[in-house]
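Trainee: I have a new structure to look at. Can you walk me through it?

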Amino acid sequence: MTDKKLWAGRFNQPTDAFVEAFTASVEFDQRLADYDIQGSIAHASMLARQGILGDEERDLIIAGLEKIRRQIEAGDFPWSVSLEDVHMNIEAALTEDIGNAGKKLHTGRSRNDQVATDVRLWLRDEIAVIQQEIRRFQQALLQTAEREADTILPGFTHLQTAQPITFGHHMLAWFEMLQRDHGRFADCTQRMNELPLGAAALAGTTYPIDREYSAALLGFDRPCANSLDAVSDRDFAIEFSAAASILMMHLSRMSEELIIWSSAQFGFITLSDSFCTGSSIMPQKKNPDVPELVRGKSGRVFGHLMGLLTLMKSQPLAYNKDNQEDKEPLFDTVDNLKGCLKVFADMVPEITCNAKAMRQAALKGFATATDLADYLVRKGIPFRDAHEVVGKAVALCVERDCDLAELSLEELQAFSPAIDGDVFDYLTLEGSVAARNHTGGTAPEQVRRAIMAARERIG
């Protein structure tokens with residue numbers, strides 16, 4: 001395959017060797033090859049339909065592109081840095097194979113609209129894979145929630161014991177985060193699914209092309225409405241990276257809880273050995289490396305979002321070489337996102353809960369104090385007064401180093417004569433959890449209903 005530049009006609013001197021390597025993108029944009037071929041086949045089909053190419057030329061081009069596709073899949077394609085990028089490599093190989101017909105493929109298009117099309121095609125497929133992994137992770141959470149619907153642990157605010165909840169209820173909170181993530185990627189796809197091809201370099205083309213036909217062939221909803229915007233827009237990459245950053249923030253929060261819960265100080269859960277590593281010096285260690293690494297990768301993805309925003313912030317219309325720098329952060333974001341989702345979907349079902357440790361922790365920190373206040377309200381005491389009564393009872397418990405449920409009825413009645421013997425039904429962890437028997441509540445019955453509803457939501 002010749003390494004002659006396909007744009008070399010205007011130049012009298014060869015490209016400096018370092019500049020050639022510095023400006024090339026083929027080492028990382030090779031992954032767009034299949035999408036470049038898809039776009040070229042659609043473009044050739046459209047050109048023939050419009051009479052710009054002959055049918056024989058179209059067939060030669062398509063056969064040649066399919067041959068190149070097979071070579072790439074087999075690892076036999078001779079990539080050349082001197083041909084700069086995936087697009088020029090494929091076009092040069094096509095022209096060498098089929099002759100003049102290959103030179104006609106670029107009629108009515110530019111690398112500017114070509115790369116914008118390729119990246120959208122690629123990202124659209126990657127988003128579909130990411131959404132599948134989100135669903136798989138959600139299924140894992142529902143499985144775990146169902147198994148642990150009755151397992152009580154303390155709920156926290158400010159990382160201080162707040163009220164008792166169940167582990168199943170906690171898993172459903174993670175599920176809801178992911179549900180919003182799934183929706184954000186769907187929104188991103190909807191806005192991204194417009195075809196840049198046909199915008200050419202920036203101003204469209206004088207050929208009688210049919211962009212609607214090209215859009216239909218490639219599964220786009222419509223062509224981009226403005227040629228300048230079509231080639232220079234990277235909003236879709238930024239929007240994807242924003243959705244990815246929010247998802248990674250969620251995974252980082254989940255990681256933090258898994259790391260804390262699996263520590264000796266908490267001992268709430270045990271992570272499977274398959275997702276942990278040991279220490280090179282301390283033989284007793286079992287380190288939660290997977291959630292720690294996911295927590296770290298969140299910063300990496302956040303950085304890519306900031307990088308893309310910075311890349312675009314000062315660019316005048318239309319296309320600029322700066323935009324070559326959009327691919328590596330985008331590729332890396334996708335790769336890391338898929339990896340993090342996969343490992344979480346595999347890891348969560350293997351979590352073992354230490355129900356005894358969770359229960360003991362829930363008995364500390366006066367987790368049922370709010371239940372006592374609510375009990376007094378039901379007895380006709382204004383909430384603010386009830387709040388003060390319970391606060392005084394808690395102060396006594398702190399002094400005695402005991403829980404509210406360990407006070408006698410007489411001691412509780414000293415704080416409020418409205419308290420009766422049934423109060424202890426509300427001071428147990430099970431009673432507290434079961435009392436929140438409403439939509440979105442912690443009651444095991446509600447957790448199981450929420451699991452059933454969630455399975456219907458995700459299909």
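Trainee: Where is Arg253 found?

Mentor: Arg253 sits in helix α11, residues 235-261. Helices here are DSSP runs of H or I with at least four residues, strands are runs of E with at least two, and both are numbered from the N terminus. This is a predicted model, in which local features need pLDDT of at least 70 and side-chain atom pairs count only at pLDDT 80 or more, while totals for chains, interfaces and linings use all residues. Residues are numbered from 1 along each chain as its sequence is written, and side-chain values use heavy atoms, with hydrogens and water left out.

Trainee: Is Arg253 buried, partly exposed or exposed?

Mentor: Arg253 is partly exposed, because its relative accessible area is 49%. Buried means under 20%, exposed over 50%, and partly exposed in between, with a 1.4 Å probe and protein chains only.

Trainee: How many Å apart are Arg253 and Pro283 in space?

Mentor: They are 28 Å apart, C-alpha to C-alpha, and 30 residues apart in sequence.

Trainee: Switching to helix packing. At what angle do α7 and α8 cross?

Mentor: The axes of α7 (residues 111-147) and α8 (residues 167-192) cross at roughly 165° and come within 9 Å. That makes α7 roughly antiparallel to α8. The cut-offs are under 35 degrees for roughly parallel, over 145 for roughly antiparallel, 65 to 115 for roughly perpendicular, and oblique for the rest. Axes are lines fitted to C-alpha atoms, for helices over the stretch in contact, and angles run from 0 to 180 degrees between N-to-C directions.

Trainee: And what angle do α7 and α13 pack at?

Mentor: About 15°, with the axes of α7 and α13 8 Å apart. The two helices are therefore roughly parallel to each other.

Trainee: Which residues of α7 meet α13?

Mentor: Among them are Val115, Trp122, Ile130 and Phe137 of α7, and the α13 side includes Leu330, Phe331, Leu341 and Phe344. Contact means heavy atoms within 4.5 Å. By class, the contact of α7 with α13 has 16 nonpolar, no polar and seven charged residues. Ala, Val, Leu, Ile, Met, Phe, Trp, Tyr, Cys and Pro count as nonpolar, Asp, Glu, Lys and Arg as charged, and the others, Gly among them, as polar.

Trainee: Which residues touch the most other members in the largest nonpolar core?

Mentor: Phe137, Phe185, Phe240, Leu251, Ile269 and Phe344 do, out of 92 residues in that core. α7 gives the most to this core, with 12 residues. A nonpolar core is a set of buried Ala, Val, Leu, Ile, Met, Phe, Trp, Tyr and Cys residues joined through side-chain atoms within 4.5 Å.

Trainee: What is Ile269 in contact with?

Mentor: Leaving aside neighbours within four places in sequence, the contacts of Ile269 include Phe167, Trp261, Ile351 and Met358.

Trainee: Now the backbone. What is the phi of Glu84?

Mentor: Near 75°, a positive value in a residue other than glycine. Most residues other than glycine have a negative phi, and most peptide bonds are trans. Glu84 is in the loop between α4 (55-74) and α5 (86-98). Glu84 counts as buried because its relative accessibility is 9%.

Trainee: What about His158, buried or exposed?

Mentor: His158 is exposed, at 76% relative accessible area. Its phi is also positive, near 60°, and His158 lies in the loop between β1 (152-157) and β2 (160-166).

Trainee: Which peptide bond is cis?

Mentor: The one from Leu317 to Ala318, with omega near 10°. Ala318 lies in the loop between α12 (289-312) and α13 (327-347).
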